[in-house]
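Please open the model in a viewer and keep a selection tool at hand. The stops below say what to select next and what is found there.

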Amino acid sequence: MRKQKELIGLLALRISILFVVISFLAILIFISIKGFKVLNIGFLLEVPKDGMTKGGIFPAIIGTLYLSIGTIIFALPLGVLSAIYLIEYAKHKGLIKTIRIGVDALAGVPSVVFGLFGLAVFVKLFNFGVSILSGALTLGIMILPVIIKASEEAILAVPQEFKEASFAVGATKWQTITKIVLPTALPGIITGTILGIGRAAGETAPILFTAVTFYQRLLPHSIFDEVMALPYHIYALMTEGTASEYQVPIAYGTAVVLLGLVMSINFIAILIRIRGRRAKKW
Amino acid sequence: MKKNFIERLLPIFALLTWVFLFGIMLILFIEGTPIFKSVPLFRFIFGRHWYPVHEPPEFGILPLICGSLMVTAGALIIAIPFGLGCAIYLSEIANRAVREIIKPFIEMLAGVPSVVYGFFGMVLLAPFIQRIFHLSIGLTAFTASVILGVMALPTVASIAEDAISSVPKALREASFALGANQWETITRVVVPAAKSGIFASVILGIGRAIGETMTVLMVAGCCAVITPNFFKPVRPMTATIAAEMGEAPMGSMHYHALFAIGLVLFLITIGLSLIAEHFKER
Amino acid sequence: MVNHKIITKNLDLWYGDSPCLKNINISIPENAVTAIMGPSGCGKSTLLRVFNRLNDLIDGTRITGKVLLDEQDIYKDIKDIFHLRKKVGMVFQKVNPFPKTIFENVAYGLKIHGWKDKTKIEKKVHDSIIDVGLWDEVKDCLHKNAFSLSGGQQQRLCIARAIAIEPEVVLFDEPCSALDPISTAKIEQLIEELKQKYTIIIVTHNLQQAARVSDYTAFMLLGDLIEFSETNQMFTTPKDKRTENYLTGKFG
Ligand SMILES: Nc1ncnc2c1ncn2[C@@H]1O[C@H](COP(=O)(O)OP(=O)(O)OP(=O)(O)O)[C@@H](O)[C@H]1O
Ligand SMILES: [Mg+2]
């Protein structure tokens, strides 16, 4: 009786794992099979044509690239500096805890709320308009917690001995941080950053009212231009327009590109983490 | 010790997360509360009709709240058992090699962009559900719940796993020493010992599901009606904001109402974060 | 007449509320090796880290009394503690090269102290590595990661890193406790050579090591300095009963 209960219980646990693996593979395989049918060089490098029913998704790829780069330029320094403060400088326990609670709370804010904030502040108040800049700032605030947490963890893992050795030759705290701590923590920070990019590249709701447009023939040439973006493109193809028999295949193609992009980004992050752990000799 | 310029600015960077949190709240207040001049708070929250473009318009968000609660509840039915199952399996049963393979799957599942989930729901799951349940339309609360469940699963799994694997080994050994088998040890010793962390994981899973936008926008249908029937379309709060912000003229009642919904969402998720924080503390 | 490099006067140190060093008066002779011995937890490392103010990193440390380096109070007169640490180098118990190349490890201190000229830096790195007797072993792999060296080589690299910036005093905190006997012998020999140029203070648990390498020995117990004298004298005729007990293995 006890034995049977155990067998059933452990089986249930295995089923959960199976559920995860199957769900992931189902999405990946289904979208890949359908998506690769429309995928070719032209699809990647051409602009959309004939009211979205033909052509490629080049501007959306570029738009997503620009948005991700902008996001990182904004969020990476802020995140790393916050983490440095939390780990190396902040003394007061209560203050540290308060900041951490803020980070967690920010991480829990729904993406569409960031979109509202971006709309009211960057688009309207600062008058950046619907633009790469507004979108990148909005996304940047959203992924800030990801970067702070990853950097904190990485900085915390730098052995105290390294810091002491650096102080002992006369380095200042700031020199020690920039020359010893950050380089040592770099793999962890990069992993976090990459995960942040993956998140930013895949998000739709925050850029819905702040950065994207459905259709654009020319590529953006300034940060005040609006852009197309892969995730929004999928949404728009599925919900706008009338020629769904032409649009859905393009959506499959776009989905496979986006999924491929985000999955490779995640995969690289995981690889760097595993490699970093192996290479660690201290 | 003299501090350089950047070092002196560090606390400001670290406090930026709070600045953003307050900024978001402030903006939502400023842009959201004007709606209460024409629609009293009570009627806004408990009004049963959301007809923003009727003449005269009605702004009752009860159907939207119900929509959010329905899909979230449905999602939890999937995310909690499977998420906890994965967490327990990873921490209690899997050996290192298995863990190194399975964990990336969970992380990758978390990394799939929500618009891709939504797309997958639209093109595969919705038609499938429509067929097997003989529905007139496949975009229902049930469909959204299934997808949201898979999306919230990684959140539950990863936080619960942290909690479970931090249960001291001695506790398990004590249980085994008394002759308990593995299942009994898990259910009577390990899980109870980790229960506050597990609770936190569930709360954060709720936050993830309730704040999700693109998926529900794409697969929940879009009827702002109150229904107990999971096989009917519903319209959660997030989807309403995302779908209607583009059409709401700036400064109109509709615009303010959408920000007010954002405020409700924000307060709910902040509340959930704080509750989770409280349980993580234990 | 010996010249005293470091002199402490009525030095007390607390970690928070617990006293760790009690009324230490010691005069460290110049260009000699001074060993500090004592049972675990008696405050040896703490005393060592007073001399380069590394204890400042630990919150809640409080110090009273005077610590003079060349007649200057390092807690009052020397405003720039980084300048102090240029004069007082340190080698740690836990072998701790940076996760950088061998070259970069030694060059680190130089760059910190403003060296810019590449050829000068190269020359100095070269000389320092020669001084610690590591050159033949690493000359072909200067740009490999320092962690590719053996433990003993790493520790000599750490010594090279410390002496590259030409300190006047070098502090060694149990430098051999993690090393094999051969590496230990090499480091002891190195310390012997280094005392020509530097004032050396070494914390050690190993009585034989203290006897072998040091000219003077201090014996500490529970934060008190019990006895300080020439090594020969202490090992043959200890003045204090407690020192004698320690040397004959009755405790510690
Ligand atoms: N950061 C600290 N905070 C509080 N107390 C400390 C700290 N570092 C050391 N102590 C205490 O100060 C006392 C002396 O420590 P110290 O490291 O100087 O001893 P030690 O003689 O070097 O010992 P060992 O031989 O084990 O290295 C010990 O009782 C220790 O517990
Ligand atoms: Mg010590």
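Begin by selecting the contact between chain C and chain A: chain C contributes 24 residues and chain A contributes 20 residues, where contact means heavy atoms within 4.5 Å. About 1,900 Å² is buried between chain C and chain A, with carbon and sulfur atoms giving 68% of this area; buried area is the accessible area (1.4 Å probe) that two parts lose on being put together, summed over both. Within chain C, highlight C:Y108, C:I112 and C:F147, which supply 26% of the area that chain C buries against chain A, more than any other three residues.

A note on conventions: this is a predicted model, in which local features need pLDDT of at least 70 and side-chain atom pairs count only at pLDDT 80 or more, while totals for chains, interfaces and linings use all residues. Residues are numbered from 1 along each chain as its sequence is written, chains are lettered from A and ligands numbered from 1 in the order in which they are written, and side-chain values use heavy atoms, with hydrogens and water left out.

Next, select the interface of chain A with chain B. Here 77 residues of chain A are in contact with 79 residues of chain B, and the two chains bury about 7,000 Å² between them, 80% of it on carbon and sulfur atoms.

Helices (H or I, at least four residues) and strands (E, at least two) are DSSP runs, numbered from the N terminus. Is B:E184 buried or exposed? B:E184 is buried, at a relative accessible area of 13%; buried means under 20% relative accessible area, exposed over 50%, and partly exposed in between (1.4 Å probe, protein chains only). Leaving aside residues up to four places away in sequence, B:E184 touches A:R2 and B:V189.

Now display chain A and chain B in turn as cartoons.

- Chain A has eleven helices and two strands, in the order α-α-β-β-α-α-α-α-α-α-α-α-α along the sequence. Its C-alpha trace spans about 70 × 70 × 35 Å along the principal axes, and 59% of its 282 residues are buried.
- Chain B has 13 helices and two strands. Its C-alpha trace spans about 75 × 70 × 30 Å along the principal axes, and buried residues make up 57% of its 282 residues.

Finally, centre the view on ligand 1 in chain C. The residues around ligand 1 include C:Y15, C:C20, C:T46, C:I58 and C:E174, where a residue is near a molecule if one of its heavy atoms lies within 4 Å of it. Helix α1 (residues 44-51) of chain C gives the largest share of this shell, three residues.

An oxygen atom of ligand 1 is 2.8 Å from a polar backbone atom of C:G41. A polar side-chain atom of C:K44 lies 2.7 Å from an oxygen atom of ligand 1, and an N or O atom in the side chain of C:H205 is 2.7 Å from an oxygen atom of ligand 1. Taken alone, ligand 1 exposes 630 Å², and the protein buries 59% of that; accessible areas come from the Shrake-Rupley method with a 1.4 Å probe, and for residues only the protein chains shown count as cover.

Note on methods:
A polar contact is a pair of N or O atoms within 3.5 Å; within protein, one must be able to donate a hydrogen and the other to accept it, and residues adjacent in sequence count only if both atoms are side-chain atoms.
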